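Here is a short note on how parts of this structure pack. Please read the points with the model open.

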Amino acid sequence: MYTIYGIPNCGTVKKAIQWFDRNGLRYQFHNFQKQGVTSGLLINWAAQVGWDSLINKNGTTWRKNKELNEKKILTEKGKTDLLTDQTSIIRRPLITKGDKVMALGFQEDHYLATFL
């Protein structure tokens, strides 16, 4: 089974969930706002996709404190602390199967090739 990580009101998360539903794929949804995220998960994901891919620097949450956030991400601990405290900075949706990151963001071509 897949796990879709994200925030329920996020447009790209909604697209991913709708795509999974249309294609009859089973998944569980992990709500970052309610369930949070551990530093262990973040480190595992970053090892697979890289911190630059994992951190969403285009979002409002990042831009509100851009200078402070840029200082925080200079170390791995700073990155994990920032993303556990402000999960809305994590690029979404992030989709896993077990420990493996299968997708980050929503790109239908990638979903077709990966999930069907």
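1. Helix H1 passes helix H8 in a right-handed crossing. (A crossing is right-handed if the near helix is turned clockwise from the far one by less than a right angle, and left-handed if anticlockwise.) H1 spans residues 11-22 and H8 residues 108-115. The two pack at an angle of about 40°, their axes 12 Å apart. They are therefore oblique to each other; angles under 35 degrees count as roughly parallel, over 145 as roughly antiparallel, 65 to 115 as roughly perpendicular and the rest as oblique.

2. From H1, the contact uses Ala 16, Trp 19, Phe 20 and Arg 22. H8 supplies Glu 108, Tyr 111, Leu 112 and Phe 115. Contact means heavy atoms within 4.5 Å.

3. The model is predicted: local features need pLDDT of at least 70, side-chain atom pairs count only at pLDDT 80 or more, and totals for chains, interfaces and linings use all residues. Residues are numbered from 1 along each chain as its sequence is written, and side-chain values use heavy atoms, leaving out hydrogens and water.

4. Helix H3 (residues 39-49) and helix H7 (residues 76-85) cross at roughly 120°, and their axes come within 9 Å. That makes H3 oblique to H7. Their crossing is right-handed. Ser 39, Leu 42 and Ile 43 of H3 meet Glu 76, Thr 80, Leu 83 and Thr 84 of H7.

5. Is Thr 96 buried or exposed? Thr 96 is buried, at a relative accessible area of 1% (buried means under 20%, exposed over 50%, partly exposed in between, with a 1.4 Å probe and protein chains only). Thr 96 sits in strand E3, residues 94-97. Its contacts include Met 1, Tyr 2 and Trp 45.

Terms used
Axes fitted to C-alpha atoms, helices over the stretch in contact; angles between N-to-C directions. Helix = DSSP H or I, 4+ residues; strand = E, 2+ residues; numbered from the N terminus. Lists of a residue's contacts leave out its neighbours within four places in sequence.
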